[in-house]
Amino acid sequence: MERWLPRLFWVLVPGWGLLVYGDLYWLHQVGWHGEKGISWSAMLANHPGFTVTALAGMLLLAISGVATRRTAHDLRDRAARYRAMVATLNEGVIVQDAHGVVLEGNLRAEQILGLSHEQLVGQPVWTLRWTLTQEDGSPLLPELFPAAQALRTGRPCCNAVIGLVHPDGRTQWLQLSAEPLYQEPNEPPSLVVCAFLDITARRLAERHLRQLSQVVECCPMGVFVCDTHGRIEYANPRMESLSGYARNDMLGQTPRLFKSGLTPVSVYTELWRDIHAGKLWRGELLNRHKGGSLYWEALTIAPVKDGNGRITHFIALKEDVSERKRIENLLADQRLQFAAGMALARMAPWEYEVATDRLTLNDHFYELYGTTAEREGGYQISLETYATRFLPADSAIAVRDVLRAALEGPELTVPRQASHKIARPDGTLREVVARFRVLRDAAGKPTRVLGVVQDITDRIELEETLRQSEAVVRQQFNESDFIMLRVDPATGKITEANPAAVGFYGYPRDILLTMRLSALGTLPEEKVAQTLASLTSEQPQHHEWRQRMADGSLREVQISLRLVRSATQDVVNATIRDLSGWRQAEAALQERTFELSEVQERLARAAHAKTELIAMMSRDVRPSMSTVVSCAELLLSTDLTEKQRHYLESIRTAGEDLFSLVNDADDLALVESARLTIESVPMDVRKISEEVLAVSRAIAEQKSLDLQYHCADTVPRLLQGDPRRLRQILDALVSHAVQATDQGRVALIVNVDERVRGLELRCEVFDTSHGLVPELQRALCDPRLPHEGAGADAEITVKLGLILCQRLTQALGGKLEVESDGGRGCRFRFTIPTFAPASEPPSIDDGVPTPAATRPARPLSILVVDDFLTNRMLACEILRHLGHRCDMAADGAEAVVKATTHPYDAILMDLHMPKLGGIAATRQIRAAESGHGRRVPIVALTVEVDSKVHAECREAGMDGVLTKPFHIAEVEQVLASFPPAPV
């Protein structure tokens with residue numbers, strides 16, 4: 001229909017338009033101009049426009065007639081199809097006119113309304129066999145009917161819910177929509193089409209669903225629904241109070257939100273396995289509240305399936321069972337405590353049924369009797385069986401008599417008891433006591449007996465032991481030489497006194513037992529009562545009081561008070577010790593202590609004076625010894641005869657030995673006065689040991705000794721310690737071994753051992769000498785200095801060096817051991833605790849000369865600064881011998897003046913000088929050089945070998961250190977290490 005209407009319009013309108021135009025044209029040509037009697041042929045011949053227009057109009061009208069007939073045919077087809085479609089709709093459809101009369105209805109409408117086509121058509125809806133109601137149950141007036149509203153307003157009325165109350169009282173609910181139809185565009189609607197569905201079943205389901213939803217919403221248990229992936233889609237209000245999370249916070253999350261991490265993973269694995277298999281799961285989980293607190297919950301999860309049996313959701317019911325778990329745990333603990341208490345008290349419950357003569361026992365009972373329920377035939381036996389198996393003959397008779405008297409006698413308010421013996425399967429007899437109560441019915445007839453049996457054998461033995469112990473204690477109390485009293489803590493009255501107390505106080509015993517403790521002393525009675533009230537059985541109290549004797553004299557005593565609790569009466573044991581003799585001894589001890597402190601102070605002053613004397617002597621001897629050694633070496637560089645060279649070598653060697661002896665004596669004095677400083681810096685143990693061997697290698701080669709060395713691969717490159725003291729110990733031990741060995745070998749072995757904290761450096765020096773004499777071995781363990789008769793004079797230097805090694809090892813926290821067997825060599829071992837430093841520090845010059853460098857290309861101008869004229873002249877002679885020019889300064893102030901006015905190539909600076917020392921002078925020279933671009937090398941001259949002194953020299957600006965006595969080769973090496981100055 002819609003497709004043919006536009007076509008008819010475009011055919012009819014132009015056709016009729018052309019005909020009208022032709023008529024008007026003809027009238028214009030004929031009528032308007034007065035031409036009469038013109039024929040059609042003349043019109044066609046004289047007016048071609050009219051002819052064309054008329055023919056076109058006739059053609060278009062013919063076409064429109066054909067189109068009109070075709071449109072009517074299509075409309076009939078479409079109406080038939082629409083009727084078929086409406087007939088097959090699931091909705092009921094009726095057509096009403098403007099008065100509400102039903103004009104037409106489909107088959108589904110007849111089925112829903114329960115009316116035939118004849119009953120439905122021709123009647124207004126509201127006049128049929130039902131009553132119309134609104135959704136709230138109120139009557140539906142005709143003007144409020146949706147079809148009437150659509151006709152009245154001209155607008156559709158959609159999805160209205162109305163009720164049809166049938167004569168049998170049944171209400172049928174319809175969901176109805178009304179659509180008005182117009183026959184003329186500007187006219188009111190004349191028809192209305194109503195489409196409706198029967199929603200009675202859906203209304204019932206919705207009502208049930210609302211009821212169920214209200215039940216779930218008001219459920220005291222937490223309810224939530226998850227999809228198959230565990231995402232929460234619904235949670236009732238109880239879930240909010242149970243978990244602490246708001247409902248919006250839970251939606252879209254998984255139940256993992258509630259986990260505490262304390263429930264085993266296996267529980268969750270079993271849970272998901274069961275519900276995905278379509279099974280119901282029940283269990284208990286320990287979850288965490290949003291606030292952080294833990295709670296136990298009983299959880300039930302059920303799968304929800306669709307019509308095909310496929311799982312679509314999971315519904316979970318949760319209940320907080322924390323209080324129940326707490327009560328269960330409390331009951332379990334109480335049961336355990338009860339069982340433990342019964343076991344500790346060696347008690348077991350039992351029950352006797354009078355009517356059936358059945359005795360009911362448990363495992364504790366059989367354990368008490370040394371047997372088991374399986375062995376005895378179960379937990380219920382007769383009273384005769386019990387008496388036969390577990391009771392001796394006399395005890396069985398006694399038990400029967402007591403039980404019979406309880407059953408036949410009057411009812412008592414306190415439990416009855418019977419003490420007797422039991423016979424265990426191993427043949428031993430035990431003492432037990434049975435306590436029980438008889439239960440009676442309303443008529444007073446006994447029905448049951450409830451009781452416990454307790455093993456009291458140990459208690460009886462303990463009571464006997466206590467009685468014996470009490471007798472022994474009483475005997476010791478009476479026979480003791482200590483002064484002992486027993487006092488009532490409540491009244492302070494003396495209840496017992498041993499003979500020693502009677503003799504000490506001088507009162508007769510009967511009089512002493514009538515006195516209070518306060519009457520024996522000078523303290524007020526309130527103070528004594530307060531002291532007694534503060535006593536406890538855990539800790540005794542000790543006081544020093546003055547006690548009054550029977551003759552009126554006073555004595556100082558120490559009284560010890562201890563509270564002893566017992567089941568009958570508490571008592572205070574007082575033990576008194578006379579302090580009179582102690583006071584005298586204490587005064588004598590204080591006097592002796594004062595004398596010893598004075599002696600110790602004098603010894604300390606003497607030790608300090610000795611240290612100062614040794615230090616002063618070393619300061620005075622070292623310059624002279626340095627001069628002797630340096631002069632000897634200078635002479636050795638000249639032309640000498642063989643005999644002269646031999647004498648000078650002897651002088652130099654003796655001088656170096658004496659210099660070493662002075663250094664050792666100085667260090668030993670520092671050790672004994674506790675003034676020796678120990679460093680803890682990174683040190684290269686391998687380098688130090690190799691350099692020590694290099695010093696002694698020349699002597700070893702002269703004596704044809706095999707000098708061996710081994711350092712384990714496990715020794716780290718750097719260890720924390722004092723490199724100077726380690727070098728000093730190794731040098732003394734290796735030098736002693738080389739000097740004492742005439743043939744064979746000398747070996748140095750270095751290793752480390754792991755300890756709980758850090759490492760332990762282990763060094764061993766072995767030689768094939770004749771060993772140490774017993775005096776020298778004992779001296780290493782003797783803390784005193786060597787004295788006359790300790791050994792030969794030729795061995796004093798060696799002995800002093802070894803003793804210094806022992807003291808230095810102890811100062812480093814280590815230990816030195818020596819093994820020496822006559823004729824079989826000597827072995828020294830020492831250990832030092834250490835550890836590997838975390839990082840490698842910058843290298844520090846320790847005063848050991850480096851390998852010789854090349855000689856300077858030209859003579860140098862050198863300033864020698866020293867307060868001793870001999871040392872200055874000797875140093876200049878060595879420098880001139882090396883081909884250099886020299887100038888001298890007597891102190892630091894003169895050196896500063898000369899250094900700032902003369903361009904010297906190097907300066908040799910003594911450290912310790914009057915007026916201005918070497919370090920201060922160096923700082924002034926460096927300050928004067930700043931900004932001139934020239935820096936003169938300065939070398940320190942010192943007898944100090946302490947690395948701290950060397951570091952201070954570096955910090956002041958010095959470029960090297962020469963330790964006195966220095967050799968010509970060392971001077972040459974130091975000078976050659978400086979870059980040549982510009983000429």
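Two strands count as paired if DSSP finds at least two bridges between them. In this predicted model, β3 and strand β4 (residues 157-165) are joined by 3 bridges and run antiparallel, so the two meet that cut-off. Within this pairing, Thr131 stands opposite Val165 in β4.

The pairing of β3 with β4 belongs to an open sheet of 6 strands, whose order is β2-β1-β6-β5-β4-β3 and whose pairing is antiparallel. At its edges are β2 (102-105) and β3 (131-133), each of which pairs on one side only. Direction ignored, neighbouring strands of the sheet are turned by 35 degrees against each other on average. Strands of a sheet pair through backbone hydrogen bonds, in either a parallel or an antiparallel way. A helix also lies across part of this sheet: α7 (residues 200-217) covers β4, β5 (171-181) and β6 (191-198), and runs at about 120 degrees to β5.

The protein chain has 30 helices and 34 strands. Among its contacts between residues at least 6 apart in sequence, 54% join residues at least 24 apart. The accessible surface of the chain comes to about 55,800 Å², and carbon and sulfur atoms account for 57% of that.

Next come the aromatic side chains. A search of the whole structure finds 13 aromatic pairs. One of them is formed by Trp350 and Phe436, a tilted pair with 6.2 Å centre to centre and 50 degrees between the planes. Trp350 lies in strand β12 (residues 347-353) and Phe436 in strand β16 (residues 429-440), so this pair ties together parts that are 86 residues apart in sequence. Both Trp350 and Phe436 are buried.

Phe365 and Tyr369 form a stacked pair, at 4.3 Å centre to centre and with 20 degrees between the planes. Because planes under 30 degrees apart count as stacked, the pair falls in that class. Phe365 and Tyr369 are both buried as well. These two residues also belong to a cluster in which ring pairs link Phe365, Tyr366, Tyr369, Tyr379, Tyr386 and Phe390.

Aromatic rings also take part in arrangements with lysine. Lys259 lies over the face of Tyr268, at 4.5 Å from the ring centre. The charged end of Lys325 is placed over the ring of Trp296, 4.4 Å from its centre.

How values were computed. Residues numbered from 1 in each chain as written. Predicted model: local features only at pLDDT ≥ 70, side-chain atom pairs only at ≥ 80, totals over all residues. Heavy atoms only, no water. Phe/Tyr/Trp six-rings, centres within 6.5 Å; stacked < 30°, edge-to-face > 60°. Helix = DSSP H or I, 4+ residues; strand = E, 2+ residues; numbered from the N terminus. Buried < 20%, exposed > 50% of the residue type's maximum accessible area, 1.4 Å probe, protein only. Lys NZ or Arg CZ within 6 Å of the ring centre and 35° of its normal. Axes fitted to C-alpha atoms, helices over the stretch in contact; angles between N-to-C directions. Contact = heavy atoms within 4.5 Å. Areas by Shrake-Rupley, 256 points an atom, 1.4 Å probe, with all protein chains shown as cover.
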